[in-house]
Amino acid sequence: MISKAALAAILATTVLSGAAASAETLRLSHNTGDTTTWHKGAEKFGELLSEKTDGAYDVRVFPNAQLSGGDQMKQAEMVGRGALDLVVTSAINVTPLVPEMAVFSLPYLYANYAQVDATTQGAPAKLLEDILREKGIEVLAWGENGFREVTNNVRPIKTPEDMKGLNMRVAGPMYIDVMNALGANPQQMQWGETMTALQQGVVDGQENPIGAVIIPQQVFEVQKHLTAWHYSYDPIFLGVSTEVWADLDADTQEMMRAAATEAMEYQREITREGTAEGIAFLRDKGMEVYEPSDEELTAFREATKPAFDTWAAKVGTDIVGSFQDAIAATPAN
């Protein structure tokens, strides 16, 4: 005969097993490694969603664009047609699908984080969310890749002329135009291939944010020079397939958005902390770091203006104007 204690244990195990079995698994893809703030933000979202829904959802996080065959540009498109549930990706990676997403990364658009937040956390970002919704992606919250800095193994970058002839890995079409304007030789390449290409000298350099990519992906181990030119900002977003979204009741939608908002707040915080500490860290690791003067940054801004104008035209005056108005209303310092 089974004791009451044993029966209680069996019932408890059965209940827990049933809860685990009933949890719906959602697949989340992102295109960086599992040491990055992207990954940490994605995992935080999974934890929070499970907590808020009493274990009804289990989010499996897949780094390095594993679910799209390593193609970081393809992830958003897959979410849009319902082949993936969730994505964390950066705005620049979505420009082949939605060219307007390039607005965030127009060269030298922003001067500081306050201006960034006025757009990504304010009304201007809603314009992009509307477009992405039409493409099958519901944006849940905006996070941060950060201000992109340039690294290379050839020479310090102090002037636009120093970029001439360098073979530079880039992530998306707009950065091809930026590098061409500077006289560099851009090569669009998946992030998963980039570290090997840098090690082997296939490319001379790359450009990425310090806190989100350069430090956690240990770019400092394969690159000698870094210039903190803050030439372009790149946000990330956490998005869900509109097919998944439409199947959720209003309460679950609210919980999912709340989990995403909290997770991306955490992700922005740790990214900015890593960036703030990053220059000293990279110097300690042996990188030669150059911080341009205001006059030198003006020269870079002028040199990249053709790319700004080209992509501002593609984005459209309404969207660009909305961003510029929000930035103008936010102090530069």
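Are Y110 and Y233 buried or exposed? In this predicted model, both Y110 and Y233 are buried. The two tyrosines also form an aromatic pair, with 5.6 Å from centre to centre and 75 degrees between the planes, an edge-to-face arrangement. Y110 belongs to the loop between β3 (86–90) and α4 (113–120), while Y233 sits in strand β8 (residues 225–241), so the pair ties together parts that are 123 residues apart in sequence.

A second pair of rings can be described in the same terms. The ring centres of F220 and F281 are 5.5 Å apart and their planes stand at 80 degrees; because angles over 60 degrees count as edge-to-face, this pair is edge-to-face. F220 is found in the loop between α8 (210–214) and β8, and F281 in helix α11 (residues 278–284), so here the parts tied together are 61 residues apart in sequence. As for accessibility, F220 is buried, with a relative accessible area of 10%, whereas F281, at 31% relative accessibility, counts as partly exposed. In total, the model has ten aromatic pairs.

Helix α5 (residues 123–134) packs against helix α14 (residues 317–328) at an angle of about 155 degrees, and the axes are 8 Å apart. Since angles over 145 degrees count as roughly antiparallel, α5 is roughly antiparallel to α14.

Q115, A118 and T119 of α4 meet F323, A326 and I327 of α14. Four nonpolar and two polar residues make up this contact, with no charged ones.

How do α2 and α10 pack, and at what angle? Helix α2 (residues 37–52) and helix α10 (residues 250–276) lie at about 150 degrees to each other, with axes 8 Å apart. The angle makes α2 roughly antiparallel to α10, and their crossing is right-handed. The residues of α2 in this contact are T37, W38, K40, G41, K44, F45, L48, L49 and K52, and those of α10 are M255, M256, A258, A259, A260, E262, A263, M264, Y266, Q267, I270 and T271. The contact of α2 with α10 divides into 13 nonpolar, four polar and four charged residues.

M256, one of the α10 residues in that contact, also touches W245. W245 is located in helix α9 (residues 242–246) and is buried, with a relative accessible area of 12%. Apart from neighbours within four places in sequence, W245 is in contact with E138, L140, V240, Q253, M256 and R257. Its C-alpha atom is separated by 25 Å from that of N145, a residue 100 places away along the chain.

How values were computed:
Residues numbered from 1 in each chain as written. Predicted model: local features only at pLDDT ≥ 70, side-chain atom pairs only at ≥ 80, totals over all residues. Heavy atoms only, no water. Axes fitted to C-alpha atoms, helices over the stretch in contact; angles between N-to-C directions. Helix = DSSP H or I, 4+ residues; strand = E, 2+ residues; numbered from the N terminus. Parallel < 35°, antiparallel > 145°, perpendicular 65-115°, else oblique. Left-handed = near helix turned anticlockwise from the far one by under 90°. Contact = heavy atoms within 4.5 Å. Nonpolar A, V, L, I, M, F, W, Y, C, P; charged D, E, K, R; others polar. Phe/Tyr/Trp six-rings, centres within 6.5 Å; stacked < 30°, edge-to-face > 60°. Buried < 20%, exposed > 50% of the residue type's maximum accessible area, 1.4 Å probe, protein only.
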